[in-house]
Amino acid sequence: MATRRRVPVDEGRAALMAWTEQEDRASVPRQTLATAVRHTTAELADAAPGRSVEVRVPPFAAVQCVAGPVHTRGTPPAVVETDPQTWLELVTGELAWADGVAAGRVRVSGQRTDLSAYLPLSEGS
């Protein structure tokens, strides 16, 4: 079985740091944003192994995570979806999970979609 392709950790951390330090986040280069999102979604999948929830951050990443019933075909029964900026705010703790959901910036459907136990990601991510 082929291993999952990942962003090298040092590149992912550097991209996340570049995004964090940028005052005007709308001016962060697309590649930097993409790298930070791909890195952090992979880190979430490592922190919450499983395949019961699909986390989507279009257009850059989608991962399956959280232990529970395995999804194999069609639309997953549990989906979390948000935009890249909101995702990185959740990852870094700038936006609380409950606040993102309440504001409609994070869309959730199905069981096990409360990711507040995993976000923000730990300091090493």
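User: What makes up the secondary structure of this chain, in helices and strands?

Analyst: In this predicted model, the chain has 4 helices and 4 strands. Going along the sequence, they follow the pattern α-α-β-β-β-α-α-β.

User: Why is the chain called as compact as a globular protein of its length?

Analyst: Set the value against the rule: the radius of gyration is 14 Å, and the globule rule gives 14 Å for 125 residues, so the chain counts as that compact. As for the box around the C-alpha atoms, it's roughly 40 × 40 × 25 Å along the principal axes.

User: How much of the chain counts as buried, and what does that take?

Analyst: A residue needs under 20% relative accessible area to count, and 42% of the 125 residues make it. The chain exposes about 7,000 Å², with 51% of that supplied by carbon and sulfur atoms.

User: Why is helix 1 called roughly perpendicular to helix 3?

Analyst: Their axes, for residues 9-21 and residues 84-92, cross at roughly 100° and come within 11 Å. Roughly perpendicular covers 65 to 115 degrees, so helix 1 gets that label against helix 3.

User: Which residues of helix 1 and helix 3 meet?

Analyst: Contact takes heavy atoms within 4.5 Å. On the helix 1 side you've got L16, W19 and T20, and they meet Q85, L88, E89, V91 and T92 of helix 3. That contact splits into 4 nonpolar, 3 polar and 1 charged residues.

User: What share of the contacts with a separation of 6 or more joins residues 24 or more positions apart?

Analyst: Those residues account for 58% of such contacts in the chain.

Technical notes: Residues are numbered from 1 along each chain as its sequence is written. This is a predicted model: local features need pLDDT of at least 70, side-chain atom pairs count only at pLDDT 80 or more; totals for chains, interfaces and linings use all residues. Side-chain values use heavy atoms; hydrogens and water are left out. Axes are lines fitted to C-alpha atoms, for helices over the stretch in contact, and angles run from 0 to 180 degrees between N-to-C directions. Helices (H or I, at least four residues) and strands (E, at least two) are DSSP runs, numbered from the N terminus. Angles under 35 degrees count as roughly parallel, over 145 as roughly antiparallel, 65 to 115 as roughly perpendicular and the rest as oblique. Ala, Val, Leu, Ile, Met, Phe, Trp, Tyr, Cys and Pro count as nonpolar, Asp, Glu, Lys and Arg as charged, and the others, Gly among them, as polar. The radius of gyration is taken over C-alpha atoms; the globule rule is 2.2 Å times the number of residues to the power 0.38. Buried means under 20% relative accessible area, exposed over 50%, partly exposed in between (1.4 Å probe, protein chains only). Accessible areas come from the Shrake-Rupley method with a 1.4 Å probe; for residues, only the protein chains shown count as cover.
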